[in-house]
Amino acid sequence: QCKNCGKGTYSGATGLTAASQCNDCPAGKIGATAGLQSSSECTPTEAGKYNNGEVCQQGTFQDQVGQTSCKPCPAGKYGKGKASDALYTSEANSCTNCTAGKYSSAVAATAESTCTSCAAGRYGDQTTRTAASGNSGCKNCGTGKYNDQTGQTAVSSCKNCAKGRYGDQMALSSCKDCGTGKYNDQAGQTA
């Protein structure tokens with residue numbers, strides 16, 4: 001009895017003697033039924049899947065059909081969990097922002113633990129930060145101020161340096177004492 005090439009495969013040839021002689025559907029396509037006779041009968045994989053129907057995993061998604069790979073959750077985000085039968089079909093339903101006060105430079109991250117708290121001397125007042133500092137990262141406390149705690153979410157966490165101390169740099173976790181023979185009678189000084 002002649003048998004059909006299995007699901008996910010096809011063949012236009014006659015006289016085959018083994019299933020291994022059937023061709024795999026091209027990457028990004030699946031053979032949903034057995035007995036396909038041409039690669040053109042293979043259909044594109046659905047969103048949330050890639051290659052020959054492989055499912056995108058947590059930390060990735062695919063929002064288009066017929067693709068050969070999944071897209072990673074971008075930096076500043078991590079992969080959401082999902083119901084076992086659900087697919088990761090968009091960035092919105094697949095990726096969650098790192099919260100304010102945290103950042104992540106990792107792509108395709110799978111857990112919130114990849115989001116790192118902003119360092120002392122800095123704060124993060126927005127979500128989806130991708131770096132410890134700079135334009136897309138945690139923000140520095142200004143000169144004359146300090147912040148001695150990590151993971152802070154507002155500029156108000158930056159406190160004025162006390163009398164007798166100063167802050168001559170940004171992003172300080174503590175202020176510096178005035179040197180010998182010097183004093184400072186005002187808070188928030190830079191020198």
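**Close-up 1. Asp168 and its salt bridge with Lys176 in the predicted model**. Asp168 is partly exposed at 37% relative accessibility (buried means under 20% relative accessible area, exposed over 50%, partly exposed in between, with a 1.4 Å probe and protein chains only). The closest N and O atoms of the two residues are 2.8 Å apart; a salt bridge is a side-chain nitrogen of Lys or Arg within 4 Å of a carboxyl oxygen of Asp or Glu. The structure holds 7 salt bridges. This is a predicted model, in which local features need pLDDT of at least 70, side-chain atom pairs count only at pLDDT 80 or more, and totals for chains, interfaces and linings use all residues. Residues are numbered from 1 along each chain as its sequence is written, and side-chain values use heavy atoms, with hydrogens and water left out.

**Close-up 2. The salt bridge between Lys139 and Asp125**. The closest N and O atoms of this pair are 3.0 Å apart. Lys139 lies in strand E14 (residues 139-140) and Asp125 in the loop between strand E13 (122-123) and E14, so the pair ties together parts that are 14 residues apart in sequence. Helices (H or I, at least four residues) and strands (E, at least two) are DSSP runs, numbered from the N terminus. Lys139 is partly exposed at 30% relative accessibility, and Asp125 is partly exposed at 36%.

**Close-up 3. The salt bridge between Glu46 and Lys49**. The side chains meet at 3.3 Å, N to O. Glu46 has a relative accessible area of 41% and is partly exposed; Lys49 is partly exposed at 22%.

**Close-up 4. Gly53 in the loop between strands E5 and E6**. Strand E5 covers 49-50 and strand E6 covers 54-55. Gly53 is partly exposed, with a relative accessible area of 22%. Leaving aside neighbours within four places in sequence, Gly53 is in contact (heavy atoms within 4.5 Å) with Ile30 and Thr45. The C-alpha atoms of Gly53 and Gln67 are separated by 9.5 Å, at 14 residues apart along the chain.

**Close-up 5. The largest pocket**. About 410 Å³ of space lies in this pocket. Of the 18 residues that line the pocket, the closest to its centre are Lys3, Asn4, Cys5, Leu16 and Cys22. On a 1 Å grid over the protein atoms alone, where a 1.4 Å probe fits, a pocket is an open set of points with protein on both sides within 12 Å along at least five of seven lines; lining residues have an atom within 4 Å of a point.

Technical notes: Points joined across faces, edges and corners; volume = space filled by probe spheres on them.
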